[in-house]
Amino acid sequence: MTIMAGLVLFITFFFFLLFGLPIALAIILSSLITLLMILPFDVTIVTAAQRMVTGIDDFTMLAIPLFVLAGIIMNNGGIAFRLVNFAKVLVGRLPGSLAHTNIVGNMLFGSISGSSVAAAAAMGRIMGPMEEKQGYRKEYSAAANIASAPSGLLIPPSSLLIVYSLVSGGTSIAALFIAG
């Protein structure tokens, strides 16, 4: 029965993927079909509901979407522009100052928001047109932005350090923040 359930799970998952369903939806549907094959309908529904609630009922994992939300709010609120101006003050006199400003801005925004994706999006939106106007190639601007975005994850608070604490079995988040 276990082998049959595993086969049904993988076959239905890849079947849904072949028809273009999003991965999350393919996982959900293939899991439900497999559960319905093994358990009665009422037990399947209760089990699925319990698993979904206990999966999101983790206080530490709640920090990650909140970090992303903070990054979006900061991006829309204009903090990203202020960080760019601050970064210009710090490194504006160096040769290639806009690329350096992009790097420092990514570090600052990533450390505040805790998300390298939010930092790359914010700095790319702001610095891209500025660098293009100054004669930087788009490829170079994108490469500098993408390469410097993860640097902010080492500066606390960082969602990456929280995930590492969970995966490693409970490493102290405070100790990880101090190490960062």
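Visitor: What is the mean pLDDT of the chain, and how many of its residues reach 70 or more?
Guide: This is a predicted model, and its chain has a mean pLDDT of 83, with 96% of residues reaching 70 or more. Confidence is highest in helix 1 (residues 2-18), at a mean of 91, and lowest in helix 4 (residues 63-77), at 74.

Visitor: Let's stay with helix 4. What makes leucine 66 partly exposed?
Guide: Leucine 66, which lies in helix 4, has a relative accessible area of 47%. Buried would need under 20% and exposed over 50%, so with 47% leucine 66 counts as partly exposed. Leucine 66 is also 9.3 Å from glycine 114, C-alpha to C-alpha, although 48 residues separate the two in sequence.

Visitor: Why are tyrosine 136 and tyrosine 140 called a stacked pair?
Guide: Happy to show you! The structure holds four aromatic pairs. In the pair of tyrosine 136 and tyrosine 140, the ring centres are 5.9 Å apart and the planes meet at 15°. Rings pair if their centres lie within 6.5 Å, and planes under 30 degrees apart count as stacked; the two tyrosines meet both conditions, so the pair is stacked. Tyrosine 140 itself is partly exposed, at 42% relative accessible area. Elsewhere, Phe15, Phe16 and Phe19 form one aromatic cluster.

Visitor: How do you know that glutamate 139 forms a salt bridge with arginine 137?
Guide: Their closest N and O atoms are 3.7 Å apart. The cut-off is 4 Å, so glutamate 139 and arginine 137 qualify. Both residues are exposed, and the structure holds one salt bridge.

Visitor: What puts the buried residues of helix 9 on the same side?
Guide: In helix 9 (residues 159-167), Ser159, Leu161, Ile162 and Ser165 are buried. They cover an arc of only 160° around the axis, which puts them on the same side of helix 9. Just after helix 9, glycine 169 takes a positive phi of about 100°.

Visitor: And why is isoleucine 38 called partly exposed?
Guide: Isoleucine 38 lies in helix 2 (residues 23-38) and has 41% relative accessibility. That value falls between the limits of 20% and 50%, so isoleucine 38 is partly exposed.

Terms used
Residues are numbered from 1 along each chain as its sequence is written. This is a predicted model: local features need pLDDT of at least 70, side-chain atom pairs count only at pLDDT 80 or more; totals for chains, interfaces and linings use all residues. Side-chain values use heavy atoms; hydrogens and water are left out. Helices (H or I, at least four residues) and strands (E, at least two) are DSSP runs, numbered from the N terminus. Buried means under 20% relative accessible area, exposed over 50%, partly exposed in between (1.4 Å probe, protein chains only). Rings of Phe, Tyr and Trp (its six-membered ring) pair if their centres lie within 6.5 Å; planes under 30 degrees apart count as stacked, over 60 as edge-to-face and the rest as tilted. The arc is that of the directions from the helix axis to the C-beta atoms. pLDDT is the predictor's confidence in each residue, from 0 to 100. A salt bridge is a side-chain nitrogen of Lys or Arg within 4 Å of a carboxyl oxygen of Asp or Glu.
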